[in-house]
There are 4 protein chains.
Amino acid sequence: MQKIKLGMVGGGKDAFIGSVHRMAARLDDRYDLVAGALSSSPIKASESAAEIGIDKKRSYTSYQEMAKKEGKLADGIDAVAIVTPNHLHADVAKEFLEAGIHVICDKPLTAKLSDAEELATLVKESGLVFAITYNYSGYPMVRQAKEMIAKGEIGTVRLVQSEYAQDWLATNIEQNGQKQATWRTDPNQAGAGGAIGDIGTHAYQLAEFITGLEASSLLADLDSFVSGRSLDDNANILLHYKNGAKGMLWVSQIASGKENGLNIRIFGDKGGLEWSQEDPNYLQHTTLGKPKQILTRAGSTSGELANAASRIPSGHPEGFIEGFANIYRETADLILAHNNKTEFTNLVPTVDDGLRGMRFIDKAVASNQAGSIWQSLDH
Amino acid sequence: MQKIKLGMVGGGKDAFIGSVHRMAARLDDRYDLVAGALSSSPIKASESAAEIGIDKKRSYTSYQEMAKKEGKLADGIDAVAIVTPNHLHADVAKEFLEAGIHVICDKPLTAKLSDAEELATLVKESGLVFAITYNYSGYPMVRQAKEMIAKGEIGTVRLVQSEYAQDWLATNIEQNGQKQATWRTDPNQAGAGGAIGDIGTHAYQLAEFITGLEASSLLADLDSFVSGRSLDDNANILLHYKNGAKGMLWVSQIASGKENGLNIRIFGDKGGLEWSQEDPNYLQHTTLGKPKQILTRAGSTSGELANAASRIPSGHPEGFIEGFANIYRETADLILAHNNKTEFTNLVPTVDDGLRGMRFIDKAVASNQAGSIWQSLDH
Amino acid sequence: MQKIKLGMVGGGKDAFIGSVHRMAARLDDRYDLVAGALSSSPIKASESAAEIGIDKKRSYTSYQEMAKKEGKLADGIDAVAIVTPNHLHADVAKEFLEAGIHVICDKPLTAKLSDAEELATLVKESGLVFAITYNYSGYPMVRQAKEMIAKGEIGTVRLVQSEYAQDWLATNIEQNGQKQATWRTDPNQAGAGGAIGDIGTHAYQLAEFITGLEASSLLADLDSFVSGRSLDDNANILLHYKNGAKGMLWVSQIASGKENGLNIRIFGDKGGLEWSQEDPNYLQHTTLGKPKQILTRAGSTSGELANAASRIPSGHPEGFIEGFANIYRETADLILAHNNKTEFTNLVPTVDDGLRGMRFIDKAVASNQAGSIWQSLDH
Amino acid sequence: MQKIKLGMVGGGKDAFIGSVHRMAARLDDRYDLVAGALSSSPIKASESAAEIGIDKKRSYTSYQEMAKKEGKLADGIDAVAIVTPNHLHADVAKEFLEAGIHVICDKPLTAKLSDAEELATLVKESGLVFAITYNYSGYPMVRQAKEMIAKGEIGTVRLVQSEYAQDWLATNIEQNGQKQATWRTDPNQAGAGGAIGDIGTHAYQLAEFITGLEASSLLADLDSFVSGRSLDDNANILLHYKNGAKGMLWVSQIASGKENGLNIRIFGDKGGLEWSQEDPNYLQHTTLGKPKQILTRAGSTSGELANAASRIPSGHPEGFIEGFANIYRETADLILAHNNKTEFTNLVPTVDDGLRGMRFIDKAVASNQAGSIWQSLDH
């Protein structure tokens, strides 16, 4: 199968998410990482490129230069992965779209809602593939839940209880130079959302992805519990969905004891589903009046979507990297379909999902500022 | 030890909670059940009394008569257990208090807030013992959590995430004559709260009991998902606590797959605690930067309160009845202390806890009617 | 319903199991504890009797005297509960059987196999009720497992994996005067089995109770890991069952981290079942090719036996005391049936179960002494 | 870093384990797969090579030819991965060792003990790297357990309880042409061990790897429950370790409800550890007299070995592929160290581990045939 030539912006040494993107791209052998603007520091950029195995000639210190040159090379990159802090996403993405290069962008889409709106328009005009790595929607049992709800197995959805709780910001580590914390708690780099932007958008997107529902309005109570922090580190949010379902969404980076606690529970009029990211190979399913069932990834009653997203048999746990790799694998399929002008059913989160995430952040902040008043999510 | 002579109002054949109260009273051999007005139906009352072993002469069909006669008997009852539907609690309690008889009352305190306020005043004037069976606060590991928080083991409490989810009202069983459902969904018998009254009050009280905090205000989004139901069957509630802590409280009787899912998770600036009623012998404790610990009932590091509330060694599970029995055992101690005019430290929920529960119901309904607006819980 | 007049031998102050028997007897109000020889120390006996509420006149210091007198009283006890150390069971039981009094005896049946054989004969000749408190067989979900296997829901049983692991004897606490440890590690009081007698007999009986199978032979590797201990504190045992099923049985009192870890897993040619005593309200059931199911006590698909053994709804956990109380409740039914000469289907463990337990101990010791050689369990 | 040029024998289309080896090799970008004899069928071999991206010229239909040619090429492969059925391992390995090529071989080492002994000698004479993919020893929390035991955190090991239970052979699927089942139940391809060879060797190796102990003798009770099957599908095994520790090992491929249930529990005189392959990111640790702790992969108290084996932060689950990839990554380090004549501390299972596994199979069969008699594992 033809491999996608991939570039990367950001993701130099010590960056966490860059190496995750690279492992995800590598797992299924669908990409060749051949170019990069891995750091704005020239030394760090070239050292990182050497370490990763990118040819010197295609290691850039400016993403603008990279976009322009790669766009013109005969064997230039097909796609770029953007793994910078949030405030750079929009500019970088525009540059590559304008050079006719497909984009894989980390979340949230941008730092400002207005940038997101502009970017969404640009993507549509370009006709190019734009994937946003809401990677949790790549987990096989998340797909299983989506398929079951679509088939009506829990009936009409009434309740969507979701939460994403961590504890790594329970103390003010950003004041001690922890790099990941520093930019995430800085409005200039992260945007208007703290925890709601960094992880809340994941939970919000996941709930919509699994249920197939759109949220219509929200109400938020945000806090910055850690002294000296200007962005939210905890958010208690209520949601209304367009079909009449109700939701609660708890987002926290100060919940002592939580590592990466993304959990979602969905209740319909016939049954319910529960999934936890930290134990991703299981899905609990209850039908009213019957015992709880524990579905396993690739297990005996696994559906089409979950099987397509699995690489190994049940009982052999898959994890975060495999789920992330599913987004990459499917994006490769999308790019090939685009290049070959064929149709392809897409599960990969789009720029519109990214835009919805930005609106979620914007409205949560607005609701909180108004004293926890309902805000429409439609516009 | 001197045994308490106990009477019971309500709790005839087929009543669920009456038999629980009797088992709880019996477990530690601190009570003799000697009188009852078990049903307003004379036949059912006498049959129930015979079954239970109450002497014919002390089986009444009217609680008024029972209160008057027992209040005058030389060996009349010391205390009465009230296990009727909610709307009768206030009148029954008053009658026995006026006869100088201590009261053990099921929750919620009354059907109307005004009745609750009046009853609270009456109790204080009477000087008698009044216990409300918020039984979940009797579980040993709930006590352990309370003791740990009081000792500062998780630091200052920031977040209180509680939920009480069931599924037995996911369909309209009240329209098919299911007795427990019928009165609980009828505003005339249950009061203004559906799920929030029946189980929400438990969760609300439990959070205050464990944390030692008082809620200052709430905001509620209530629903009646099941067609034809006038009281809430789902409630999504946000809370503010007086120390600045924030809370979410989810109450549902339509959450398909949930049997009796009362869970509470509390996060402070040093650590966190998690407890689930369905697995009550465990308490999860995390201190920031250390591995999660699973504390067990009566286990090696069990504290004073938990040990006092335990009857058997760790690994030998205790359950709902034992927790309920703790409320009864401690109420017996209170009554003896009262009768002997001695001091006794009390963990048993009081009429004030009952009154707070009624205010919780009242304000949740008011907040919801106003479109989810914050309501003070102070008055 | 007519109450059983109960006496107790052993179970004075500080005795663990005596108070469990009393709570179990009390829970369902089927017994009146009216006589006792609670201790061989006269002072302790009378103090214990006073505490428990037994009339002075019926508090004895000699069980022989108690048996003789109670056997002749018009309102003498119907049954006696024997809760002494093992080596006294046989003599005490004989005395009461000869006085025409039914017996409820703690396990293991006796300290010596020969005593057990003699006692079994005596019981049969007497025609009296003899219950041995293999209390774990009283748990509702154990009954559920038994019913499901009897109905063929997992097909022909092939594998029986059972274990009973504790850690309270991981150090030599018997040398520091811990009372429970002292007699259990003393061959003169405990008999030939250490862990295999104290807890191994429970696991062995439970496996036979649930599966309805009889073990035909065993092979044992016993150890006394703690220095200075003469009885086994760990046993690794293989089993053959008469239908061709194979078993492993692990018994340990030195398994650091185990509190009361009695677990049983049974696999047939159609499905499997798993149950853990420490979480007794659940039963895992898998049918080949289908997802694992979590059955809950009194849950939606709960069977006849489990429902009969339950007191409260699903989601409201029952525990050790309730399971123990089921043995007492059913023994009360048996005694009434005996007295009224009516038939009654019996789930209560009998003297034959006790005898099988003694043979299990005897053969495990013999197998180990012979270097782990198979021993028949038939005679 | 210099990449290892890798070849593969076996692992054509439809082969499960071949694709796992390839993902494991790819994850950390340490290998280039450049040659293969993927199938003995020429058509399948070339189709598989094309699919994988191996150059036609280096796609072979004979492993002998491949070994000879690659051994002489200037840029010939550095190492070969052998993923054929067991009976071919020895011959293939010899061929490549003789050509001076390092070997990564799937387990069990060979089909016959004598072949294994011969191969072990050959490996030592060659001085080449020989890795056997006992992949479960690559899991981070397995490494954590190894490190903790080595540091004495649970004291002297007394008990080793291990099990590996599956259910995919609970029915006779080998008679319906299921490819994986067919060769694994055929003595000519699998060797003398059925379940004990396929999965028992994993559990046996894992116990030795974690504890650092060697087993001295075993006693086995083997069965072939499924009609028509000649190799064992269930094994109940007792073990003695050289330090005096005792073990039980249960191996089954007919345990209805088990997917890939490899579990190990180790108890020392100070504490215990428990790990389950299906939830590999957790390790339970208990110290006597303290609460159970749940250690998490890369969590706050994670040790050196576990951290070295982790790619992403705690709470982001890693799985089977990542654990497998650790064996590949470390083998790459070993090969570079060998080629550069530098020292390197090795955690990768060796040919000696493979040989011990073959002796385990051989002695288990011998013990069973003799009626479950202890067999020495030393020679």
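**Terms and the values behind them**

Tutor: In chain A, helix α3 (residues 63–72) has Tyr63(A), Met66(A), Ala67(A) and Glu70(A) buried. This is a predicted model, in which local features need pLDDT of at least 70 and side-chain atom pairs count only at pLDDT 80 or more, while totals for chains, interfaces and linings use all residues. Residues are numbered from 1 along each chain as its sequence is written, and chains are lettered from A and ligands numbered from 1 in the order in which they are written.

Student: How do you know that the buried residues of α3(A) line one face of the helix?
Tutor: Seen down the axis of α3(A), they fall within an arc of 100 degrees, so they line one face. The arc is taken from the directions from the helix axis to the C-beta atoms. An α-helix has 3.6 residues a turn, so residues three or four places apart point the same way. On the other side of α3(A), Glu65(A) and Lys72(A) are exposed. Helices here are DSSP runs of H or I with at least four residues, and strands are runs of E with at least two, numbered from the N terminus.

Student: What do the buried residues of α3(A) pack against?
Tutor: They pack against β1 (4–9), β2 (31–37) and α4 (86–98) of chain A.

Student: Why is Ile199(B) called buried?
Tutor: A residue is buried if 20 or more other C-beta atoms lie within 10 Å of its own, exposed if 12 or fewer, and partly exposed in between, with C-beta atoms placed from the backbone. Ile199(B) has 26 other C-beta atoms within 10 Å, so it is buried. This residue lies in helix α9 (residues 195–211) of chain B.

Student: Which residues is Ile199(B) in contact with, leaving aside its neighbours within four places in sequence?
Tutor: They are Tyr164(B), Gln166(B) and Val251(B). Contact requires C-beta atoms, placed from the backbone, within 7 Å.

Student: What makes β3(B) and β4(B) a pair?
Tutor: Two strands pair if DSSP finds at least two bridges between them. Strand β4 (residues 102–105) of chain B has four bridges to β3(B), in the parallel sense, so the two pair. In β4(B), Val103(B) is the bridge partner of Val80(B). Strand β1 (residues 4–9) of chain B also runs parallel to β3(B), joined by four bridges, and Val9(B) stands opposite Ile82(B).

Student: How do you know that both faces of β3(B) are covered?
Tutor: In β3 (residues 79–82) of chain B, Ala79(B) and Ala81(B) on one side and Val80(B) and Ile82(B) on the other are all buried.

Student: Why is the relation of chain A to chain B called a two-fold axis?
Tutor: A rotation of 180 degrees with 0.0 Å of shift along its axis superposes chain A on chain B, with RMSD 0.0 Å. That is the relation of a two-fold axis. The superposition is by least squares on C-alpha atoms of residues with pLDDT of at least 70 in both copies. The same surface serves both copies, as 100% of the contact residues of chain A recur in chain B.

Student: How many residues does the contact take from chain A and from chain B?
Tutor: It takes 33 residues from chain A and 33 residues from chain B. On the side of chain A that touches chain B, β9(A) gives the most, with four residues.

Methods
Contact = placed C-beta atoms within 7 Å.
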